[in-house]
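Please look at the sequence and the model shown below before reading on.

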Amino acid sequence: MIDTYQFYQQYADATDPLRACAGMMAPLFGYEWPGVPAHPLMRKLASACEVFSRTRLTHARPDFGIDQVQEDGCTVLVHEEVVAATPFCSLLRFRKETSDSQPKVLVVAPMSGHFATLLRGTVSVLLRHHDVYITDWHNARDIPLEHGKFGLDEYVSHIISFLEILGPGAHLLAVCQPTVAALTAAAVMAGDGNPAQPRTMTLMAGPLDTRVNPTTVNALAKSKPIEWFEKNMISTVPTRHPGRGRRVYPGFMQLAAFMNMNLNRHVDAFRNLYRHLVEGEDEKALQIKTFYEEYFAMSDLPAEFYLETVRTVFQEHALPLGTLTYRGDAVDPRAIRRTALFTIEGEKDDICAVGQTVAAQEMCSGIRPYMRLHHVQTAVGHYGVFNGRRWENEIYPRLRDFINMHHR
């Protein structure tokens, strides 16, 4: 029986040249000769070709494209640097050309089928007042088998290692899926008396306790035994890629799952893209194109990490029930005492519903009340918690003040 990844690769090999051809034909159909009025049919053909070319999936991380930031009314240049790297992740720093000492913030990006650039908007806003680092997880299909497995323990150990590189006094921010690993890392560091344990920990829209207000995603994870997920959701990387033979949860399967959740919205988006192109509304078309360039950039997950996440987070609820372990030892969030906690949720989040993230407040009972804060942002879904206008104007000011309050 043909492997799912092999089937996808054959499909991509057959259709990607057609998309590339459509992308080349679009400007030819849309070219306007001087003094000759554009024919409506040619504009429609050009628009259709461009829309079709935009349905191509990619497997390479897009650029962050953050080369400057506005800081107190001044433009400050930004340089992207790799501070540390393992086969599975690079620790990136967005170094600003400034002599000011600012709070260091480690942003833990999700390993969920997309690249860390999905948090471009998060990083660009944080950079206004902080020294920002981010976990840039590598595509599993590009990691040779010789580098071994990567599960939840390895994920947590990366966070601990990166916090140690930043040194004492840093701040930790996790978005969505890695909130569980971030809380685990903070608990382990607290239990060990690690001097690099973070000053603050901000957990944004994460599945800390999916027993609360279960979403469609949560219900799906519990609807089948873990053996079903291993049999039906795990594939092997084809031989043409550096990670040949590695078992992965393919990014194209995660993308398909995400799109099916809101299929009508995505169909409407491409209809609108076609209409904007036909009508010459370039700015509106650019917004849609920019979003899907990022959305269609996929990253495969190591099979161990995916299966362990489904089992421990969504099926066994190991963290809230107190059964989670790290390297064989029990994880106790009550050990966290020196790290202030800020939990953030979105009112309309259909991936991590209201109540799932604030559950961390009860788990971390060792943190004094004045060191805890919770915020529910009205009128935003999952993505709006960490990107967009309300993130920038309503959520970020609270986060900035929270970090400043506990940065000493």
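## How to read the model

This is a predicted model, in which local features need pLDDT of at least 70 and side-chain atom pairs count only at pLDDT 80 or more, while totals for chains, interfaces and linings use all residues. Residues are numbered from 1 along each chain as its sequence is written, and side-chain values use heavy atoms, with hydrogens and water left out.

## Helices α1 and α2

Helices (DSSP runs of H or I with at least four residues) and strands (DSSP runs of E with at least two) are numbered from the N terminus. Helix α1 (residues 4-29) packs against α2 at an angle of about 150 degrees, and their axes are 8 Å apart. Axes here are lines fitted to C-alpha atoms, for helices over the stretch in contact, and angles run from 0 to 180 degrees between N-to-C directions. The two helices α1 and α2 are therefore roughly antiparallel to each other; angles under 35 degrees count as roughly parallel, over 145 as roughly antiparallel, 65 to 115 as roughly perpendicular and the rest as oblique.

The crossing of α1 and α2 is left-handed, a term used if the near helix is turned anticlockwise from the far one by less than a right angle, whereas clockwise makes a crossing right-handed. On the α1 side the contact (heavy atoms within 4.5 Å) is made by L18, R19, A22, G23, M25, A26 and F29, and on the α2 side by M42, L45, A46, C49, E50, F52 and S53. These residues of the contact of α1 with α2 divide into 10 nonpolar, two polar and two charged, where Ala, Val, Leu, Ile, Met, Phe, Trp, Tyr, Cys and Pro count as nonpolar, Asp, Glu, Lys and Arg as charged, and the others, Gly among them, as polar.

Helix α6 (residues 216-223) and helix α11 (residues 303-315) have axes that come within 10 Å and cross at roughly 110 degrees, which makes α6 roughly perpendicular to α11. The crossing of α6 and α11 is left-handed. In this case N218, A221 and K222 in α6 meet V310, F314 and Q315 in α11, and the residues of the contact of α6 with α11 divide into three nonpolar, two polar and one charged.

## Aromatic rings

The structure holds 23 aromatic pairs. Rings of Phe, Tyr and Trp (its six-membered ring) pair if their centres lie within 6.5 Å, and planes under 30 degrees apart count as stacked, over 60 as edge-to-face and the rest as tilted. The rings of F270 and Y292 have centres 4.8 Å apart and planes at 50 degrees, so this pair is tilted. The pair links distant parts of the chain, since F270 lies in helix α9 (residues 263-278) and Y292 in helix α10 (residues 282-295), 22 residues apart.

Both F270 and Y292 are buried, where buried means under 20% relative accessible area, exposed over 50% and partly exposed in between (1.4 Å probe, protein chains only). In another pair, the rings of W391 and Y396 have centres 5.8 Å apart and planes at 65 degrees, so the pair is edge-to-face; W391 and Y396 are both buried. One aromatic cluster is formed by F270, F291, Y292, Y295, F296, Y383 and F386.

## Some single residues

Most residues other than glycine have a negative phi. Although H317 is not a glycine, H317 has a positive phi of about 50 degrees, and H317 is found in the loop between α11 and α12 (318-321). At 5% relative accessibility, H317 counts as buried. R327, also not a glycine, has a positive phi of about 55 degrees, and at 45% relative accessibility R327 counts as partly exposed.

R56 is found in the loop between α2 and β1 (68-71), and R56 is partly exposed, with a relative accessible area of 39%. Leaving aside neighbours within four places in sequence, R56 is in contact with D16, R19 and F296.
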